[in-house]
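Please work through the exercises below with the sequence and the structure at hand. Each task is followed by a solution in steps.

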Amino acid sequence: MNDLKNGQPFVEKRTPLSIVNMYILKNPILFWIKKNLFDTILSTILTIFSVWLLVKLLFGLIIPIISMNWTVIGDNLKLILTGSYPISQLWRAWLCVSYISLFGGASFGLASRKIPKAMVAILLLEGLLITLPFSGLAKFFLAANIVLSVAGFFLIRAFGKSKRLRIIVVAWIVFLPFAFICILGFTGQGGFWPVVATNYWGGLLLSLLIALTSIALSFPIGLLLALGRRSGLKFIKVVCTILIEVVRGVPLITILFIAYLIVPLALPKSMNPSVFIRAMIGIIMFHSAYMAEDFRGGLQGIPRTQYEAAASLNLSKAKTMILVILPQVFKRMIPVLVSRLTGIIKDTSLISIIGLLDMIGISSAIISNPKYMTSSPQVLFFMAVIYFVICYSISLASTKIEKNLGISTKQGASL
Amino acid sequence: MIEHTETKPKLGVRSFFQDERTRNLVWQFVFFIVIVLLVFMTMRNVIEALTERGMAPSFKFLSFSSGITIGETIIEFDSRSSNLRALMVGLLNTISISVLVILFSILFGFVVVLCRISSNWIVSHVAKAYIEIIRNIPLLMLLLVWYRAFFLQMPGIRNAIMFHKKVSESGDISASMMLSNRGLHLVWPIPRDSFHIYRFILLGALLVAIAVYIVSRLDYRKTGRKKPGLLWAFLSFVGVAGVGLICMIGNEPFSLQYPVLGKFNARGGLYVSSEWFSLFSGLVLYTSAFVAEALRAGIQGVSKGQMEAARALGLGHLRALRLVVIPQAKIVAIPPLTSIFLGVAKNTSLGVAIGFPDLFSITGTIINQTGRALEMILIVMAIYLSISGLTSIFMNWYNHKVQLVER
C-alpha cells in the first residue's frame, strides 16, 4: 500500500511489542495461550489469581491428603467393597465382575471397530491393579477380566449383524437376575453354592446391587404411574397424581423410614421382610415417582399426530402405546435413565441411616475401631473418590450415548 | 365385495361392554375397589399391630414433656418442653437454614456460572471441575467428608485459628473470628441502651426506601424508562441508616462483642456450631453447583444471534449479558431452579447424619423416645408437603410473572 501524500511506500512501524505480537500470532501454541489466558486485562488478572489458588490448593490440601497414612484402606479394602460377605465366597462377586467384563467388552465391540480409549483405560487400570499386593484370587480374576473383555470385543463379531444387538441386550437384561442368584446362592450350607443371607452383604457391593435392582423395578412402576397420570380415567388419574406428588414432596429419608418402620406393620405378620428388602422397597417407591415424571416428560414430547396416525391404522389404544408411542419414548429416555442411575447410586448412600452397612455404614464401623480412630478422613476421602469415579464415568458414558443417538437438545452458544 | 355393516345401536350384554364409556366406568370401579381394599387392609394391619403393642394411634403424646435436649434452638426450649415444641424447634431450624442456603447458593452459583462461561480457559475449567466433582458425589458423603474430615479435624479451642487476635492486659485472648473443632465464633454487634433511638432512624430509613421505590415505579409508568428502583431503594436505606449511625457516634446504638477465649470454650459474640456450619456450607457448595448448571443451561438456551446482535448494537459484553441474555435465560432457568430450591428443604434432612437438630433428626429422636413412629411420620410428611407446596406455589407465581407474553 502506498502513502499517497508523500508518494512513499507505507512502512509499518516495528515497535518491539508488534514484533512480539507477530511472533505470537505465528506460533499456534502461544496464540492459544494469549487468546485463552491473557486476552484482556481482566482475563490476565483472573488467570494469575486462579493459578495462585490452584497452587495454594495443591500445597495446602492435595499434598497433605496424599501424604497421609493410607494403610487403613489397605487393611479394610475387603470390608469397604463387600462388607462382611464371607471371604470363602468372594469368587462369586468376582464372577459378576467377569460377566460385566465379558459383555462390556462385547458392547464396546458392537459400538466401534477399534478398541476405544475408554476400554484401553479400563484394561490398563486392571493391569496396574494386578501389580499391587492383592490376594491371589483378586489377581487371577483381574487377569481373567482383561482376557474376557478383549475376547468379548472380538467374539461379538463372530455373530451375524442382526444378532449382535439382540445378544447384548439380552445379556444385560439377564445380568441382574444372574448377579442376584450368584451373590445370594441356591444350595444349603454344605453345598457347592451356599446361600449367603442379605445381612452379610455390604459395602460397595450392597450399594450397587440395590441401585441396579431399584432402577430395574422402578422403571416399569414409573411407567405405569406415568400412564395412569395421563389416563383419561379420572379416578386412576387422581390416585396416580397424589402418589407421585406426595412421594416427590418429601425427602427420601422419610420414605426410607416409612419402609423401615411402617411397612413391616402394614404387611401380614407372617411376612417379615429383612432390612435389605425394606430399604429396597423405600428406594423403589421414591424413584418410581421421579421416573414417572421422566416418563411423563417423554410422553409429552411425542406429537399428537403419532396417536392420530395410529388411530387411522385402526390400532387399539393398548397397541398404539406398545407399538408406536413407547418405543419412541424409550429412545428419548435413554440419557434421562442413565442420569437417573447416577441419582439412584448416590441416593443409596442413605440406607446407612436405617442401619444397613453400605460404604458409609462401613465407614463408621471402621472408624469406631480404636486402631483406626484417627483415620476417618482417609476412609471418607477414599469412599468419596469411589463414588465420584462411578458416577462420573456413568455421566461421561451418558453424554457419549446422547451424541451417538443424536438426541442431544443442547444447541445453545457458548458465551 | 364390500359388506356394509349397519351401526345400529344393539341392546344386550355384549354391546353394553363394547361401549367405551361403560368400559371406562367399570375399569375405574374395579380400580377403586382394589385401592380401597388395599388401603383398608394396610390400615387394619397397622392398627392391629400397634394396638397389640399398646400403642393405639393417638396424637396425645405431642403435649407430653419431651425429655430431650437440643443444642441449637431459635425459640426457648428445655427438656421439660412438650414434644410439639421440640418439633417446632426442628421446623424453625430447617426453615432458617434452608432460606440461608438458598440465598447464598444463588449468589455463589451466580459467581460459579460466570466463571464457567468465562472465555478464560483456566477459570472456566476450574469452575467445571468444581461442578463435576460436587455433582458426582452423594450429598451425604459430601457432608460427612466436610464435617468429619475438615471441621472435626480443626484444632481445639485453645489453638483455634484466629483473625485479629488481641491479648488484653488481664491476659484474656479475643479475636474477631475463631475457628475450632467446636465451631465458629464471630464478632457480633450487640444493641446498647441507645438502640431504642436508633430504631426510629431505621424505621425512617425504611420509609425513605419505600418512597424511593414507589417514585421510581411511578416514573417508570410515566416515562417507560426502566431504572433499578430496588437498587436505589436499598442504597437510600443504607445511606440514611449510615448517616444516622455517624450522627450517633459517641453514643453508638451497637457495641461490637468479641468472642473471648475461656478455659474450655469461648464466650460472647455469635456462636455457630460446627454441625450448623458444616451443614450450611456443605449445602451451599452442593446447591450452588446445581444452580450454576441450571443457569448455564438457561444462558446456553439463548441463541447465539442474540448476543451477536446485542454486541452489534454497541453493547459491551457485560451489558449485553445483563440486558439481553440474562432476561431471556431467566425464563428457561426458573423451572429447574424451582426443583433445586424444593430440594434444599428436603436435603437439610441429611443433617441427621452429622447431628444437626433439623426437623427430621428431631422427629427421629422423638420416635426413639416415644415409639410413636406412625404419627410422627405422618406429621413430618405433612410438614414437608406443605413446605414443598408453598415453595412451588411461590415459584409458579414468579415463573408466571417472568414468562414471555406471547403475542
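This is a predicted model: local features need pLDDT of at least 70, side-chain atom pairs count only at pLDDT 80 or more; totals for chains, interfaces and linings use all residues.

Residues are numbered from 1 along each chain as its sequence is written, and chains are lettered from A and ligands numbered from 1 in the order in which they are written.

**Exercise 1.** Determine how many residues of chain A are in contact with chain B, and which helix of chain A gives the most.

Step 1. Contact requires C-beta atoms, placed from the backbone, within 7 Å. By this criterion, 47 residues of chain A are in contact with 50 residues of chain B.

Step 2. The elements that give two or more residues to this side of chain A include helix 3 (41-66) and helix 16 (376-405). Helix 16 of chain A gives the most, with eleven residues. Helices are DSSP runs (H or I, at least four residues), numbered from the N terminus.

**Exercise 2.** Describe how helix 3 and helix 11 of chain B are arranged.

Step 1. The axes of helix 3 (residues 83-116) of chain B and helix 11 (residues 359-370) of chain B come within 7 Å and cross at roughly 155 degrees. Axes are lines fitted to C-alpha atoms over the stretch in contact, with angles from 0 to 180 degrees between N-to-C directions.

Step 2. Helix 3 and helix 11 of chain B are therefore roughly antiparallel (angles over 145 degrees).

Step 3. Among the residues that meet are Leu87(B) and Leu91(B) in helix 3 of chain B, and Ile362(B) and Ile366(B) in helix 11 of chain B.

How values were computed
Two residues are in contact if their C-beta atoms, placed from the backbone, lie within 7 Å. Angles under 35 degrees count as roughly parallel, over 145 as roughly antiparallel, 65 to 115 as roughly perpendicular and the rest as oblique.
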